[in-house]
2 protein chains.
Amino acid sequence: MQTLHVELGDRRYPIFIGSELDPQALLEPYIHGKQVMVVSNTTVAPLYLQHYINAIEALGKKVATCILPDGEKYKDIQHLNLIFDALLEAGFNRDCTVLALGGGVIGDMTGFASACFQRGVYFIQVPTTLLSQVDSSVGGKTGINHPLGKNMIGAFQQPQVVLADMAQLKTLPPRELSAGLAEVIKYALLGDVEFLTWLEMHMEALVAGDATLLAEAVYRSCAHKARIVANDEKEQGERALLNLGHTFGHAIESYLGYGEWLHGEAVATGMVMAADLSHRMGWISTEDLERTKKIILRAQLPIVCPKIPLEEFLAYMSHDKKVLNGQLRLVLMKSLGQAIITKEFDVELMKQAILANQA
Amino acid sequence: MQTLHVELGDRRYPIFIGSELDPQALLEPYIHGKQVMVVSNTTVAPLYLQHYINAIEALGKKVATCILPDGEKYKDIQHLNLIFDALLEAGFNRDCTVLALGGGVIGDMTGFASACFQRGVYFIQVPTTLLSQVDSSVGGKTGINHPLGKNMIGAFQQPQVVLADMAQLKTLPPRELSAGLAEVIKYALLGDVEFLTWLEMHMEALVAGDATLLAEAVYRSCAHKARIVANDEKEQGERALLNLGHTFGHAIESYLGYGEWLHGEAVATGMVMAADLSHRMGWISTEDLERTKKIILRAQLPIVCPKIPLEEFLAYMSHDKKVLNGQLRLVLMKSLGQAIITKEFDVELMKQAILANQA
């Protein structure tokens, strides 16, 4: 087991990364109060819920559960409210702990609920997908979607602890494993060309679910994100680099309707568009662009999206949170492995990059 | 005009207290970005909305509005969502300011919406009721109700600035002015017996709406609250004293259904119950209890609530946020003008104090 600390002053917390982790021993120091609400979904609960209930009850805690339907399309205010209903029906008060057992959707909703319930209670994350292990388990961004935009409503809420157990990835569908690899590739593309070379060496083994290599990929991804987040918790600057591919990707997800494409799939194609625009701007070479597309393809991810009318694509992009004073900012690659956030791009080239990567 | 600063480090903010304040001059330094959403209700908007729109537009800002129905019963997740709808339909992004123009309900909902929209945007408060001027404009507590409890979902969100304009109290119904006086009396009872004497000298003039005396009462109340909040922003200790009368009051409000009694009315009777229990505990004299009841009566406030079955009353009290490890804590008076928070009270005497102050 490896331990990574996210350095956020008095909100510093550990991420435990390994296989067959012992939740009773690892969670004990981090559960506050006597009441624990475990929030999960209908896919994950049958597989892992009882294991965590047993571990927490063995610590002498009262456990209640809230099981939500599985999918990004349920990441809305109505389903958020079901967590509040469960907390109040169980009689939970301010001195409780809320544990998210599931992927990014469960983590985002549960974290946001824990930030709002009684104006803030304790939060623990057990991410069960590769995507949530490398992305949403670090950084404290939580929230829900709105029909007019993704993650429009939320809070910054740091967990007490994160348990990333590779054993749980065995039950993950291959498509979801690939979606997680999209974010892994993102860290390489935005800031670590040496990690890109490592991924090029191991991609087929990662896709096949090699637990040791996956743990290493999770550790390196989380370490990368943790360093950025520690420098810029509230996303005033550097943290925005983590959105490489996301402004394009959010437009794809929004147009298709949440849940059609997985988040990681949309980000994958979004990164191709960002790389394509970086190439058209003269910043990265044709070879760099091809290398980007190839590692994404080898991760079993899409490099083109369905045909989307350009005006609608641009309208969805304009809802992005990186819009500042009405000016769209994009994360692009100044060189391979070195991303920048910039409003200095050619809009016509951007439109070309979008259109060039549609089916 | 008097200015009071709430000292919260880098979130320090001013409260301007006076009559016929100039919003254009006072708001200018505190509006961030070019987009301002004014949230108000159907009662306040016809009276004051245009005045603020004009002032903000004169500053070169884009103004959008969201008008909610008036009343505590609309302080729920569905109506909160209408603010998010309005923000997104207006195309507002992370760099916007949200202004609450209304009473406590509008302030609580708007503040909470501003805390969650895009994970946090700027917030300005223009409280238009006496209650919101002396209570919800200081301290950053925002939130909404849940069918199982008041203010169960929310956030700590500090405003950039607060404008408390006594001229707006002229249109306030007498019943609401009295409800605001309940919180004014609360500050005297919990920590300032000299202020109680001042209120006893001026209560009829305050009820009649004397603007100079009201401004003084608002200033003294806000100063009192600001001092407590500066010491204890997240309600770990001293701040809980501000809940004098509120645990009983919340039970009354919850049983009757939000909106039947005004919050201040429920707090008034709640303070009588707290004083009564303090008397039964041997901490305050019969004369102190009578003095408490008399100042509340002179403010045109109720000192008894309708008959409520004891078990239901207690069940609603057990949902209070001050419950810690399953143990109810109450704010009581160790002496008149000196409140304490304690779990050391006799439950039988508490039941007697509840029953003794029902109609």
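**Arrangement of chains A and B and annotated sites**

Chain A is superposed on chain B by a rotation of 180° with 0.0 Å of shift along its axis, at an RMSD of 0.0 Å (least squares on the C-alpha atoms of residues with pLDDT of at least 70 in both copies). This is the relation of a two-fold axis. Within chain A, the C-alpha nearest the axis belongs to A:Ile77, 4.0 Å from it. The model is predicted: local features need pLDDT of at least 70 and side-chain atom pairs count only at pLDDT 80 or more, whereas totals for chains, interfaces and linings use all residues. Residues are numbered from 1 along each chain as its sequence is written, chains are lettered from A in the order in which they are written, and side-chain values use heavy atoms, with hydrogens and water left out.

Contact, defined as heavy atoms within 4.5 Å, involves 35 residues of chain A and 35 residues of chain B. Of the interface residues of chain A, 100% are also interface residues in chain B, so the copies meet through the same surface. The area buried between the two chains is about 3,300 Å², and carbon and sulfur atoms give 56% of it; buried area is the accessible area (1.4 Å probe) lost when two parts are put together, summed over both. Zero salt bridges are counted between chain A and chain B, a salt bridge being a side-chain nitrogen of Lys or Arg within 4 Å of a carboxyl oxygen of Asp or Glu.

The side of chain A that touches chain B receives two or more residues from each of helix 3 (77-89), helix 4 (104-116), strand 7 (141-146) and strand 8 (149-156). Helices (H or I, at least four residues) and strands (E, at least two) are DSSP runs, numbered from the N terminus. Helix 3 of chain A gives the most to this side, with seven residues.

Across the whole structure, 26 salt bridges are found over all chains. In one of them, A:Lys225 pairs with A:Asp135, the closest N and O atoms being 2.8 Å apart. A:Lys225 lies in helix 8 (residues 211-231) and A:Asp135 in the loop between helix 5 (130-134) and strand 7 of chain A, so the pair ties together parts that are 90 residues apart in sequence.

An unreviewed UniProt entry gives the annotation "binding site" to A:Glu183, A:His246 and A:His263. These residues are spread over 81 residues of sequence but cluster in space, with a largest C-alpha distance of 10.2 Å. A:His246 lies in helix 9 (residues 246-256) of chain A. UniProt (unreviewed entry) also places the feature "domain: 3-dehydroquinate synthase N-terminal" at residues 66-178 of chain A. Over residues 66-178 the chain is 32% helix and 30% strand, with the end C-alpha atoms 28 Å apart. UniProt positions follow the numbering used here, feature names are shortened, and annotations may be inferred rather than shown by experiment.
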